[in-house]
Amino acid sequence: MSFYEDNVADGSHCMSCCQYIGEDVGYPRACVQCGGEPGAGVGGKAAKRVRMRMFEDWLQRTGVAHTKHNNGYHVVMTLPDGRKIDVWPSTKKWQLRGGKMSRDGNALNRLVRGK
Ligand SMILES: [Zn+2]
């Protein structure tokens, strides 16, 4: 995974000058010097809430057993076959235990639904 994918795509670093901005927000953004918004950026916190709510809706529909940690920022899903998936809904990141970190929501959906 490149620096861009790992640090710029999730918004922790400026998409223009690559300087550190702050916590992951799950989408690329620019720092204040490059025309970005101070703090979490435009709609940053709102977007995070929307992602977490959409994830929650999806999670309920899957019916998969899960536990929540850190106020729902970290969710551990347990598939019927015992495999565990760590999900960080606010950043759209997920990882099958022992596997690679991903942000592909469709792949997660296929994995969980067994299709
Ligand atoms: Zn910048």
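How many aromatic pairs does the structure hold? In this predicted model, the structure holds one aromatic pair. The pair is formed by F55 and W58, whose rings lie 5.6 Å apart, centre to centre, with 40° between the planes, an arrangement classed as tilted. The label follows from the angle, because planes under 30 degrees apart would count as stacked and planes over 60 degrees apart as edge-to-face. Both partners belong to helix α2, which covers residues 44–62, and because F55 and W58 are three residues apart in that helix, about one helical turn separates them. With a relative accessible area of 11%, F55 is buried, and W58, at 13%, is buried as well; each of these assignments rests on a value under 20%, so neither residue reaches the partly exposed range.

The zinc site was examined next. The zinc ion is coordinated by the SG atoms of C14, C17, C31 and C34, at 2.2 to 2.3 Å. Along the chain, these donors follow the spacing C-x2-C-x13-C-x2-C. The angles subtended by the four donor atoms around the zinc ion run from 105 to 113°, and the arrangement is therefore tetrahedral, since that class requires all angles to lie between 85 and 135 degrees. For reference, the ideal angle at a metal with four tetrahedral donors is 109.5 degrees.

Most residues other than glycine have a negative phi. In N70, by contrast, phi is positive, near 55°, although the residue is not glycine, and in N71 phi is likewise positive, near 60°. N70 is found in the loop that joins β1 (65–69) to β2 (74–78), and N71 is placed in the loop between β1 and β2 too. As for solvent accessibility, N70 is exposed, with a relative accessible area of 57%, and N71 is exposed at 75%; both assignments follow because the values are over 50%.

Definitions and conventions: Residues numbered from 1 in each chain as written. Predicted model: local features only at pLDDT ≥ 70, side-chain atom pairs only at ≥ 80, totals over all residues. Heavy atoms only, no water. Helix = DSSP H or I, 4+ residues; strand = E, 2+ residues; numbered from the N terminus. Buried < 20%, exposed > 50% of the residue type's maximum accessible area, 1.4 Å probe, protein only. Phe/Tyr/Trp six-rings, centres within 6.5 Å; stacked < 30°, edge-to-face > 60°. Donors = N, O, S within 2.8 Å, 3.2 Å for Na, K, Ca; no water. Tetrahedral: all angles 85-135°; square planar, octahedral: opposite > 155°, others 65-115°.
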